[in-house]
Amino acid sequence: MNETYEMIPNVITKLRKRVPLIHNITNVVVTNFTANGLLALGASPVMAYAKEEVADMATIADALVLNIGTLTAENVESMIIAGKAANVANTPVILDPVGAGATSYRTESVHRIMKEVEITLLRGNAAEIANVAGIKAEVRGVDSVNVHNNRGIAIEASQLLQVPVVITGEQDVALANGKLTLIRNGHEMLTKVTGTGCLLSAILGAFIAVEDDILLASTAALVTYGIAAELAFEKTKEEGPGSFQIELLNRLAKINEADIKKWMKVEIEKGA
Ligand code: ATP
Ligand code: TZP
Ligand code: MG
Ligand code: MG
């Protein structure tokens, strides 16, 4: 057992004491679900997009989450203004490159944002992260196809882009400062509800807002979210994705340190 492993369950308690303010510039599909998920967990969400106000909001926020799911030229501009203000204010910035690689506009916009803004954590599925890093991978719409080597892609992408990375899928990988964790919590039902990846990116922002160690914060977020999904599935397996989505919010509100200690499935690797 190492120190990171032992500290994982405590991060949710820190988060609930701090109630971090999370500024989201996200997509129109997931806006309400993201706000409700952050609230359920114990964070405070705000969505603000106007270029006239995003710098002020990113400055007072505890984390900024940028999500290109339904990007427009105006949104990209707002993301860059917000991201630059966040960098000045030391507000961590999480970037979810939804659908990167599906169209060249998405990939180019991600590159533009990453050129202008220092990103604290990049989170996506394997194909999205591979495409951002210029590693060949297939994306159809916003879903990844045929990419199984999350660990290998995370290592290569993090080195190429010089940024901490989380890749999610059946198994999640977090990589920061040359250390890597593999997380095997979660449930396949998460793939039947839209926005579960986007909500996770916002939740990663909430954990990073209260814990400076990016690997510890990311691992704690992934474990907490994955266990909440497992518990939600147990309760709703006779019903289906609609009930699961609602129960996921209930479980994010209820999950505690004891649940995390009991159910977390984490491997920690050094020197990745
Ligand atoms: P995609 O568009 O490829 O679904 P996404 O942005 O929705 O990507 P996911 O990779 O689906 O993001 O991750 C969202 C959550 O779902 C994460 O907590 C992840 O661990 C979980 N997850 C995804 N696929 C599975 C699976 N097959 N089994 C268990 N958990 C999964
Ligand atoms: N289309 C554009 S953004 C979006 C869809 C369906 C939501 C994607 O959400 P997630 O969390 O990546 O599944
Ligand atoms: Mg998914
Ligand atoms: Mg996604």
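View 1. L95 touches L66, V110, I113, M114, I119, L121, L122 and R123, leaving out residues up to four places away in sequence; contact here means heavy atoms within 4.5 Å. This is a predicted model, in which local features need pLDDT of at least 70 and side-chain atom pairs count only at pLDDT 80 or more, while totals for chains, interfaces and linings use all residues. Residues are numbered from 1 along each chain as its sequence is written, chains are lettered from A and ligands numbered from 1 in the order in which they are written, and side-chain values use heavy atoms, with hydrogens and water left out. L95 sits in strand β4, residues 93-96; strands are DSSP runs (E, at least two residues) and helices likewise (H or I, at least four), numbered from the N terminus.

View 2. Look next at strand β5 (residues 121-125), where R123 is found. Is R123 buried or exposed? R123 is buried, at a relative accessible area of 5%. Its side chain makes a polar contact of 2.9 Å with the side chain of S201; such a contact is a pair of N or O atoms within 3.5 Å, and within protein one must be able to donate a hydrogen and the other to accept it, with residues adjacent in sequence counting only if both atoms are side-chain atoms. Beyond four places in sequence, the contacts of R123 include L95, D96, G197 and C198.

**View 3. The residues around ligand 2.** An oxygen atom of ligand 2 lies 2.8 Å from a backbone N or O atom of C198. For G197, a polar backbone atom is 2.9 Å from an oxygen atom of the ligand.

**View 4. The largest nonpolar core.** Here you can find 52 residues, with I203, F207 and L248 having the most contacts inside the core; a nonpolar core is a set of buried Ala, Val, Leu, Ile, Met, Phe, Trp, Tyr and Cys residues joined through side-chain atoms within 4.5 Å. Helix α10 gives the largest share, 14 residues. Among the contacts of L248 beyond four places in sequence are F33, L190 and Y225.

Definitions and conventions. Buried < 20%, exposed > 50% of the residue type's maximum accessible area, 1.4 Å probe, protein only.
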